[in-house]
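Visitor: Can you put the model up? I have a few questions about the fold.
Guide: Here.

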Amino acid sequence: MGENSTLDNLLTEHRTFAPSAEFAAHAVADASLYERASEDRLAYWAERSRGALTWATDFTQVLDDSNAPFYRWFADGKLNAAYNALDRHVEAGNGDRVALIFEGEPGDTATYTYAELTTAVKQAANAFAGLGVGAGDRVAVYLPMVPEAVITMLACARLGAVHSVVFGGFSADALRSRIDDAEAKLVVTADGTWRRAKPSPLKPAVDAALEAPGHTVSTVLVVKRNAEPTNWVEGRDQWWHEVVPNASPEHEAEAFESEHPLFILYTSGTTGKPKGILHTTGGYLTQTAVTHHDTFDLKPETDVYWCTADVGWITGHSYITYAPLVNGSTVLLYEGTMDTPDRGRWWDLVQRHKVTIMYTAPTAIRTAMKWGREVPDSYDLSTLRVLGSVGEPINPEAWMWYRDVIGANAGAGTDGQPGPRKENPAPIVDTWWQTETGAHMIAPLPGVTATKPGSAQVAVPGITVDVVDEAGVSVGNGEGGYLVIRDPWPSMLRGIWGDPERFKETYWSRFETMYFAGDGAKKDEDGDIWLLGRVDDVMNVSGHRLSTTEIESALVSHDAVAEAAVVGAKDETTGEAVVAFVILRGADAEWPEDISEQLRLHVGKEIGPIAKPKAVFVVPELPKTRSGKIMRRLLKDVAEGRPAGDASTLADTTVMDQIAATMRG
Ligand code: PRX
């Protein structure tokens with residue numbers, strides 16, 4: 001991890017911000033949680049689970065570790081996820097509380113109370129059942145950020161069907177491979193969405209994905225969103241608005257076993273093939289709900305909670321759909337981009353909807369920083385009281401800006417001047433976790449922890465994380481190593497869909513009894529944890545996880561490319577950026593001049609626009625060791641504009657000079 005130059009910057013950061021006395025006095029989570037959890041971890045989780053959820057059949061065993069690493073939580077308990085997110089709030093007399101506030105990019109809005117959302121989900125469940133979907137069946141979801149995305153996920157959960165949400169930024173090919181891997185029966189999509197005030201289609205990708213025969217899909221259910229003309233396959237395609245609103249609003253939720261599969265979500269690993277991460281019901285709902293409550297100091301009666309992630313990612317699953325609704329909170333759902341119609345859109349949303357808790361990614365904060373503080377300063381953000389961060393390490397500058405500019409805003413400024421400031425700015429909670437962990441693992445408690453800019457700091461109560469060396473031995477304070485999770489946790493992944501061996505190999509082989517997260521980390525002098533980024537071939541671009549191998553495979557699938565190497569290069573806004581180096585087949589001159597641009601587009605088509613390299617460099621050779629391994633470290637140096645480091649182990653030590661020469665030319 002000596003290559004990580006952010007490390008030195010991070011460790012010069014010594015500021016701390018203790019919770020204000022006022023915040024601490026009213027916080028929903030106090031330090032006793034750590035004590036209770038460390039006294040008896042399993043009893044702690046049992047108690048929290050019973051507190052957060054309504055079990056149709058109570059469990060008698062908390063953790064079953066008899067077939068590790070295939071752990072089971074609360075295994076003999078039964079519950080229904082949708083009942084927990086919806087019906088029980090209505091039964092408790094909170095049917096009139098707002099569950100979802102939707103705002104579309106064009107400015108259209110819709111509001112669902114808990115009673116209305118419950119009815120909508122019951123109708124969708126009946127409609128899906130009418131299309132032949134039953135417990136255990138897989139449903140692919142390829143939707144924009146519209147209420148139907150949340151409704152579809154919960155309708156699946158209600159039926160015991162397993163949803164597989166595919167982010168709308170993925171291509172037709174990526175969608176097809178996920179449909180095939182999970183053998184989905186139904187696809188729920190939309191004609192399209194809005195992006196920067198223009199209609200942006202989705203359905204054509206579904207059509208392209210299903211063009212080649214041999215798939216398992218019998219129905220495509222289409223939400224009409226942007227009303228653009230849409231290709232229609234008779235017998236396969238059906239409009240949501242013709243099917244769902246006509247379905248019965250009565251539906252009894254059946255209780256399923258705690259370990260009943262809830263969803264599959266594909267994520268990039270170190271090989272080309274995405275992994276279908278499997279989450280189940282009881283443990284997942286327990287830890288997502290508990291962390292959402294504790295980390296964000298949730299007061300569901302009064303808070304308006306906004307998570308800016310897309311439902312296509314784990315953050316959207318856990319902290320837009322499941323935890324917030326299980327906790328009975330009011331959730332804002334926004335369809336569009338940060339800068340439509342202008343750069344004030346997010347702050348306008350906060351101001352108008354009186355958002356109290358905001359959860360976003362460092363890349364968005366850095367973008368807002370780049371646009372200048374005058375933009376948020378001219379809005380009233382005084383309602384914000386907790387600010388969350390997720391997806392990548394947050395650099396101390398962005399953390400401080402988030403606190404000072406967003407968290408301390410006590411009213412709109414005028415004439416380019418900031419408005420009044422809060423004496424006690426909203427605390428910032430940096431949350432480390434992964435698709436695989438399902439829920440927060442490392443995060444401060446805002447009423448307890450003295451926060452440090454740039455560090456996620458401490459494991460949440462009931463979770464045991466550590467930083468270890470190559471041999472798996474815990475490192476001391478001030479030292480770095482690999483982040484591991486020592487004990488199984490309720491919301492842990494239960495496997496990789498259809499591939500138990502890969503599950504064991506990826507997460508449980510490096511340190512056997514500990515979960516290997518794939519992140520580098522450091523303990524500071526106080527033992528607080530600082531995340532340092534991935535130690536494997538996974539990149540993090542704007543908080544999106546991308547695999548170098550997957551992009552390399554996409555590049556070599558193009559006729560022009562003989563070999564490709566991809567690296568994540570440091571980028572001021574997106575954290576990392578994809579930079580590719582390719583060797584062309586035959587002579588370079590045989591290929592069109594814009595071949596680099598064509599290759600970028602090719603990656604976009606194969607994987608999706610999010611994976612498009614920022615730059616594609618045509619080079620005569622790639623730096624390889626004598627055993628043929630590409631030394632990406634040297635390419636990273638080049639991509640980040642540094643002189644290449646030690647190249648003495650290369651088979652041909654002149655390669656880096658050759659590369660440098662072509663890049664200058
Ligand atoms: O490298 C870590 C980084 O994102 C990875 C997980 O990506 P994904 O499964 O897509 O989930 C992202 C949202 C939970 C991790 O292995 N990561 C996530 N949160 C943080 C982070 N790195 C540093 N600090 C964080 N708060």
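Visitor: What share of the contacts between residues at least 6 apart in sequence joins residues at least 24 apart?
Guide: In the protein chain that share is 70%. Two residues count as in contact if their C-beta atoms, placed from the backbone, lie within 7 Å. Keep in mind that this is a predicted model: local features need pLDDT of at least 70, side-chain atom pairs count only at pLDDT 80 or more, and totals for chains, interfaces and linings use all residues. Numbering starts from 1 along each chain as its sequence is written.

Visitor: How much of the chain is buried?
Guide: Buried residues are 53% of the 665 in the protein chain. Buried means 20 or more other C-beta atoms within 10 Å of the residue's own; 12 or fewer is exposed, in between is partly exposed, and C-beta atoms are placed from the backbone.

Visitor: How many helices and strands?
Guide: There are 21 helices and 30 strands. Both are DSSP runs numbered from the N terminus: helices are H or I with at least four residues, strands E with at least two.

Visitor: How do helix 11 and helix 12 cross?
Guide: The axes of helix 11 (residues 282-295) and helix 12 (residues 314-326) come within 8 Å and cross at roughly 85 degrees. Axes are lines fitted to C-alpha atoms, for helices over the stretch in contact, with angles from 0 to 180 degrees between N-to-C directions. Helix 11 and helix 12 are therefore roughly perpendicular, a label for 65 to 115 degrees; under 35 is roughly parallel, over 145 roughly antiparallel, and the rest oblique.

Visitor: Which residues meet there?
Guide: Leu285, Thr288, Ala289 and His292 of helix 11 meet residues of helix 12 including Tyr319, Tyr322 and Ala323.

Visitor: How many bridges join strand 22 to strand 24?
Guide: 5 bridges join them. In one, tyrosine 482 has glycine 520 in strand 24 as its partner.

Definitions and conventions. Pairing = 2+ DSSP bridges.
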